[in-house]
Amino acid sequence: MSAETIQTRRDWLLSDRPASRMQARLGRAYVAWRRFSANRLAFVGLLIIIGLLVVAAFADVLAPYSPTIGDLKGSRLLAPSAAHWFGTDDLGRDIYSRIIYGSRWTLYVVILVAVIAAPIGLLVGTVAGYAGGWTDAILMRITDIFLAFPKLILALAFVAALGPGIENAVLAIAITSWPPYARIARAETLTVRNSDYIKAVQLMGASPFRIVLRHIMPLCISSLIIRVTLDMAGIILTAAGLGFLGLGAQPPLPEWGAMIASGRRFVLDQWWVAGAPGFAILIVSLGFNLLGDGLRDALDPRSGDQ
C-alpha cells in the first residue's frame, strides 16, 4: 500500500465533516486507537490480557499435565525444573498446568462480574440521575449503604450466607461491585439531562424510558468501560481472597487464590507452591491496570489528539 493511499485514508478518517455515521464512528475509533497506541505501558497491558485470553483458550494444548491429578509417590513438592517449570504442589500436581487452567477461572470470574455488575450500576445510575427527586434519593441511599462497607467484607458476608463455591463467589462480588458504576452513571447523566440534545429528544415526544435507554446510557458507556477495566484487578484480588479463605472455588479446581491457600504451609521451604500463582495474579492485575489507564486516556473526550 502506497504512502499516498495511507494518507488519503487517514484524511478520510480524520475528516471534520464525515459523510456518514460509519465514517464518524471509524474516525472516532481511529483517534482513540492512536491515543491508546501512543501509551506504551497501556500497550503492554493489552498484550498481557491478550496473552491471558490465548492461554485460557488453549489451556488443553499448553498444559503438559493434568491440573487435578498428581503423583504423590514421585512428584510431591518438586522444585522448578525442566520437567515441571513451576514445580509441583503437596499433592504432586504440576503447578504450571494448574496456573494455565486457572486462567480460565480467572476470566470466568472477571467476565461474569462485569456482565452482572456493570449493567446494574448503569441502570441504577442513569435512572436516578434522570428521574431526580425521591427516586434519585432512594436509589442513591441504597448505593451509599453498599459503599459504606469494605468490598471484601461485604462479599464475605454474602458468600457466608449463600455458601462456598465459585458461582456464589461471582454473585457476591457482583453484588458488591455495582455501586461505583451507579455513581459514575449518575454523574454522567446529571451533566447531560438538561442539555439541548436531550431537550430536543423530549420535544420530539420520546418517552423517559427511551431517552434513558437510547440517548443517555450510550453516553455513559465509555466512562463505565474505563472503570470496569480498572476494577478488574480488584475483582481478581477479591476472588483470590475468597478462594484463599476457602469460600470461593473449591478443591480440586485450580483457582489461583485457592492455590495460594494450599501453598501457604510451605512458603518458607517450598516457596514456589504459593509464589507461582501469586505472581500470576500480580501480572494479570498489572495488565488490567495498565490497560485501564490506556483506555482512560484514549476514551476521554476532553483529551486532545496526540
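F43, which sits in helix 3, touches W33 and F36 once residues up to four places away in sequence are set aside. In this predicted model, F43 counts as partly exposed, because its relative accessibility is 32%, a value that lies between the 20% limit for buried and the 50% limit for exposed residues. Along the chain F43 and A258 are 215 residues apart, and their C-alpha atoms are separated by 30 Å.

**Overall build and confidence**

- The protein contains twelve helices and zero strands, and its C-alpha atoms fill a box of roughly 75 × 60 × 25 Å when this is taken along the principal axes.
- Of the 306 residues in the protein, 42% are buried, and among contacts with a separation of 6 or more, 70% are accounted for by residues 24 or more positions apart.
- The mean pLDDT of the protein is 86, with 95% of the residues reaching 70 or more.
- Confidence is highest in helix 3 (residues 40–57), where the mean is 93, and lowest in helix 1 (residues 3–13), where the mean is 71.
- Where pLDDT is low, the predicted coordinates should not be read in detail.

**Packing of helix 10 against helix 12**

- Helix 10 (residues 208–244) packs with helix 12 (residues 272–299) at an angle of about 170 degrees, and the axes of the two helices are 8 Å apart.
- Because angles over 145 degrees count as roughly antiparallel, helix 10 is roughly antiparallel to helix 12.
- On the side of helix 10, the residues that meet helix 12 include I225, I226, T229, M232, A233 and I236, while those contributed by helix 12 include I281, V284, F288, L291, L295 and L299.
- Sorted by class, this contact between helix 10 and helix 12 has 14 nonpolar, five polar and two charged residues.

**Nonpolar cores**

- The largest nonpolar core has 63 residues, and the members that touch the most others are V109, W256 and F288.
- Helix 10 supplies the largest share of this core, with 14 residues.
- A second, separate core consists of five residues, among them A59, A63, Y96 and Y101.

- G257 lies in helix 11 (residues 256–263), and it counts as buried because its relative accessibility is 1%.
- G257 and A59 are 198 residues apart in sequence, and the distance between them in space is 19 Å from C-alpha to C-alpha.
- D89 is placed in the loop between helix 4 (59–62) and helix 5 (95–131), and D89 is buried, since its relative accessible area is 3%.
- Not counting residues up to four places away in sequence, D89 touches S75, R76, L77, I95, R98 and V273.

Key: Residues numbered from 1 in each chain as written. Predicted model: local features only at pLDDT ≥ 70, side-chain atom pairs only at ≥ 80, totals over all residues. Heavy atoms only, no water. Axes fitted to C-alpha atoms, helices over the stretch in contact; angles between N-to-C directions. Helix = DSSP H or I, 4+ residues; strand = E, 2+ residues; numbered from the N terminus. Parallel < 35°, antiparallel > 145°, perpendicular 65-115°, else oblique. Contact = heavy atoms within 4.5 Å. Nonpolar A, V, L, I, M, F, W, Y, C, P; charged D, E, K, R; others polar. pLDDT = per-residue confidence, 0-100. Core = buried A, V, L, I, M, F, W, Y, C linked by side-chain atoms within 4.5 Å. Buried < 20%, exposed > 50% of the residue type's maximum accessible area, 1.4 Å probe, protein only.
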